Amino acid sequence: MPKNKKVSTLKVEKVNDVIVKWLKTYAENAKVSGFVIGISGGVDSAVTSTLCAQTGLKTLCVEMPIHQAPNQVSRGREHIEQLKKRFSNVSSVEANLTPVYENFKEAVPQFEDESKYNLSLANTRARLRMTTLYYFAGIHGLLVAGTGNKVEDFGVGFYTKYGDGGVDLSPIADLMKSDVYALGNFLKIPDSILNAAPTDGLFGDNRTDEDQLGASYDELEWAMMFTSNKNQGDKLSIREKKVLEIYQSLNKLNQHKMLSIPVCTISEEFRK
């Protein structure tokens with residue numbers, strides 16, 4: 001397991017070209033004019049929006065604050081302004097969802113189980129943002145580009161079902177978090193974003209992704225690779241055993257997000 005920041009071996013220039021070509025081809029085949037991306041102030045949305053911008057197709061960056069921390073807002077805006085200067089096909093819009101969120105809270109009952117209540121509200125923020133992105137997608141004839149990476153989407157399921165998991169296509173979902181950072185460096189993403197601790201920003205406080213998950217992305221990436229390689233003979237440290245336990249627990253718990261929706265199939269004998 002890596003002791004320091006994991007270094008990606010990704011061939012960033014080639015991968016960049018592959019993803020940009022894939023995005024452009026998909027959009028052209030779908031007969032849409034481009035992409036819409038929610039900008040959070042994090043590296044995943046910054047990289048995804050930059051990849052979309054390189055297609056030359058319309059790229060709409062959407063800010064959707066809900067009681068957002070000022071540093072998250074400033075990082076997102078710094079990225080958007082930089083991107084608009086670099087690419088003439090990039091535009092932006094802000095939809096302040098704080099009043100909508102507060103109205104929702106007033107419309108539903110509060111529950112005594114504070115942890116479940118707060119988690120449900122956090123997921124509600126993500127679902128309000130998904131709805132907003134699809135509003136703009138419908139107005140402008142765009143595809144909603146997902147910002148999930150491989151560790152989040154296929155490792156620990158660290159996303160909201162029908163929230164940030166509700167997208168039309170996923171450009172970086174086959175990239176580990178370390179790969180996303182490598183691509184971010186190549187794409188000249190602002191240092192303020194590259195150096196910031198990853199956070200989903202759904203709880204209105206300063207908790208990081210690592211605070212929620214119990215392990216860093218480097219550790220989870222190691223666990224994902226360890227599990228897929230089945231290196232069961234390796235001697236593990238106490239921390240490695242703990243990280244593996246965290247990874248396997250989250251992977252099992254969140255399978256409902258990563259698998260197709262189950263369908264109750266009716267046999268032919270009941271159709272005659």
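Q: How many bridges join strand 1 to strand 4, and which way do the two strands run relative to each other?
A: In this predicted model, three bridges join strand 1 to strand 4, and the two strands run parallel. Because a pairing requires at least two bridges, the three found here qualify strand 4 as a partner of strand 1. Within this pairing, Phe35 stands opposite Leu143 in strand 4.

Q: How do you know that strand 1 is paired with strand 2 (residues 58-63)?
A: The two strands are joined by five bridges and run parallel, and at least two bridges are needed for a pair. One of the residues that can be followed across is Val36, whose bridge partner in strand 2 is Leu60.

Q: What makes strand 3 (90-94) and strand 4 (142-144) the edges of the sheet?
A: The open sheet has four strands in the order 3-2-1-4, with parallel pairing. Strand 3 and strand 4 each have a single partner strand, so each is left with one side that has no neighbour in the sheet. On average, and with direction ignored, neighbouring strands of this sheet are turned by 25 degrees against each other.

Q: Why is strand 1 (residues 34-38) described as largely enclosed?
A: A residue counts as buried when its relative accessible area is under 20%. Five of the five residues of strand 1 are buried, so the rest of the structure largely encloses this strand.

Q: What makes helix 2 a mostly covered helix?
A: Of its 11 residues, 11 are buried.

Q: Why are helix 2 and helix 3 called roughly parallel?
A: Helix 2 (residues 43-53) and helix 3 (residues 70-86) pack at an angle of about 15 degrees, with their axes 11 Å apart. Since angles under 35 degrees count as roughly parallel, helix 2 is roughly parallel to helix 3. Helix 2 passes helix 3 in a right-handed crossing.

Q: Which residues of helix 2 and helix 3 meet?
A: From helix 2, Ser45, Ala46, Ser49, Thr50 and Ala53 meet His79, Leu83 and Arg86 of helix 3. The residues of this contact divide into three nonpolar, four polar and one charged.

Q: Why are helix 1 and helix 7 called roughly perpendicular?
A: The axes of helix 1 (residues 12-30) and helix 7 (residues 177-186) come within 10 Å and cross at roughly 90 degrees. Angles of 65 to 115 degrees count as roughly perpendicular, and the two helices are therefore placed in that class. In their contact, Val12, Glu13, Asn16 and Ile19 of helix 1 meet Ala182, Leu183 and Phe186 of helix 7. The contact residues divide into five nonpolar, one polar and one charged.

Q: What makes the phi of His67 worth a remark?
A: Most residues other than glycine have a negative phi. His67, although it is not a glycine, has a positive phi of about 50 degrees. This residue lies in the loop between strand 2 and helix 3.

Q: Why does His67 count as partly exposed?
A: The partly exposed class lies between the buried limit of under 20% and the exposed limit of over 50%. His67 has a relative accessibility of 40%, and so it counts as partly exposed.

Notes:
Residues numbered from 1 in each chain as written. Predicted model: local features only at pLDDT ≥ 70, side-chain atom pairs only at ≥ 80, totals over all residues. Heavy atoms only, no water. Axes fitted to C-alpha atoms, helices over the stretch in contact; angles between N-to-C directions. Parallel < 35°, antiparallel > 145°, perpendicular 65-115°, else oblique. Left-handed = near helix turned anticlockwise from the far one by under 90°. Contact = heavy atoms within 4.5 Å. Nonpolar A, V, L, I, M, F, W, Y, C, P; charged D, E, K, R; others polar. Buried < 20%, exposed > 50% of the residue type's maximum accessible area, 1.4 Å probe, protein only.
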